[in-house]
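This report covers the ligand site and some backbone features of the model shown here. Definitions are given where a term is used.

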Amino acid sequence: MITLYGCTTLRVLKPLIVAEELSIHYEQRYVDLVAGEHRQPAYLAINAQGRIPVLEHEGRFLSESNAIARYMADMTENTLYPRDPWTRGEMEQWIAYFSYHVERNFVNVFFSRVAGPKLFALKTDEGLVNDCLAAIQKEMPYIEGHLAKNDYLCGKDFTLADVIAFCDVLGFEAAKIDLSAYPSFLRWYESIKHRDSVKKHTPELLASPF
Ligand SMILES: N[C@@H](CCC(=O)N[C@@H](CS)C(=O)NCC(=O)O)C(=O)O
C-alpha cells in the first residue's frame with residue numbers, strides 16, 4: 001500500500017496523476033501546510049525538510065515530487081513510462097529542462113500572486129514577479145516550437161514528462177500569466193487539463209491553491 005502525504009498542491013498533483021493514470025491504489029494523508037503541520041515533530045520524523053509530498057511504501061519514505069512520480073510510474077509496465085532507453089532519455093531531458101529552467105519561475109509567480117496573498121496574507125513581490133515573467137517569456141518560444149511539431153513532449157504519446165511539465169506550469173491561469181502568444185503550448189496544456197486523472201484532483205487544488 002502506498003501512502004502519499006500532503007494536501008493537493010501543484011507538486012503533490014504529480015504522483016496523484018500518475019496513480020490515477022496507472023490505477024495504483026494509494027491513500028492520501030492530508031498535511032495542513034497553512035496550519036504548519038509540516039513543521040511538527042511527527043511530520044519532520046518522516047521528512048526532515050518539512051516539505052510535501054512524501055511517499056511511504058513498505059515502511060520507507062521518499063521525498064521530491066519528481067522522484068516519487070518516477071517511482072510510482074516504474075512499478076508496472078505501461079506507456080506512461082516506457083522502458084525503451086531512447087524514450088527514457090527524452091523524458092529525462094524534458095523533465096530536467098522543466099525542473100531547471102521553467103518550474104521555479106511559474107511557481108514563484110503563482111505563489112507571489114495567488115497562494116501567498118490568499119493563504120498567508122503576504123504581499124505580491126512585484127520585482128520577483130517581473131523577473132520570473134521575463135524568464136518565462138524567454139523560455140516559451142522553445143516550448144512552443146517543440147509542441148508545434150509534436151502532440152506531447154516525447155512525440156505522439158502522453159508520458160511522465162507531460163505529467164511533470166504540466167504540473168510545473170499549472171498555476172499560470174490562476175496567476176494570470178499571459179501565454180496567449182503560444183497556441184501549441186495551450187493546445188497541449190488543454191489536452192492534459194481535460195484528462196480524467198487531472199480533472200479528479202484539480203477542484204481540490206483550486207479550492208486551496210498552493
Ligand atoms: N522540490 C520539491 C519541492 C517541495 C516543496 O517545496 N513543497 C512545498 C509545497 S508544494 C512545501 O512543502 N512547502 C512548505 C515549506 O517549504 O515550508 C518537490 O518537488 O517535491
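## Basis of the values

A polar contact is a pair of N or O atoms within 3.5 Å; within protein, one must be able to donate a hydrogen and the other to accept it, and residues adjacent in sequence count only if both atoms are side-chain atoms. This is a predicted model, in which local features need pLDDT of at least 70 and side-chain atom pairs count only at pLDDT 80 or more, while totals for chains, interfaces and linings use all residues. Residues are numbered from 1 along each chain as its sequence is written, and side-chain values use heavy atoms, with hydrogens and water left out.

## Ligand contacts

In the side chain of arginine 39, an N or O atom is 3.3 Å from an oxygen atom of the ligand. For the side chain of arginine 51, the distance from an N or O atom to a ligand oxygen is 3.5 Å. Isoleucine 52 takes part through its backbone: one of its polar backbone atoms is 2.8 Å from a nitrogen atom of the ligand. The protein buries 78% of the 510 Å² that the ligand exposes when taken alone (accessible areas by the Shrake-Rupley method with a 1.4 Å probe; for residues, only the protein chains shown count as cover).

Around the ligand there are 11 residues, of which Arg11, Arg51, Ile52, Glu64 and Ser65 come nearest (near: a heavy atom of the residue within 4 Å). By class, the shell holds four nonpolar, three polar and four charged residues (Ala, Val, Leu, Ile, Met, Phe, Trp, Tyr, Cys and Pro are nonpolar; Asp, Glu, Lys and Arg are charged; the others, Gly among them, are polar).

## The loop between α2 and β3

Asparagine 47 lies in the loop between α2 (41-44) and β3 (54-57) (helices are DSSP runs of H or I with at least four residues, strands runs of E with at least two, numbered from the N terminus). A polar atom of the asparagine 47 side chain lies 2.7 Å from the backbone oxygen of arginine 51. Asparagine 47 counts as buried because its relative accessible area is 6% (buried is under 20%, exposed over 50%, partly exposed in between; 1.4 Å probe, protein chains only).

Proline 53 is also placed in the loop between α2 and β3.

## Positive phi outside glycine

Alanine 121 is not a glycine, yet has a positive phi of about 55 degrees. Alanine 121 sits in the loop between α4 (85-120) and α5 (126-149), and is exposed at 70% relative accessibility.

Lysine 176, again not a glycine, has a positive phi of about 55 degrees. The loop holding lysine 176 runs between α6 (160-169) and α7 (183-193); at 69% relative accessibility, lysine 176 is exposed.
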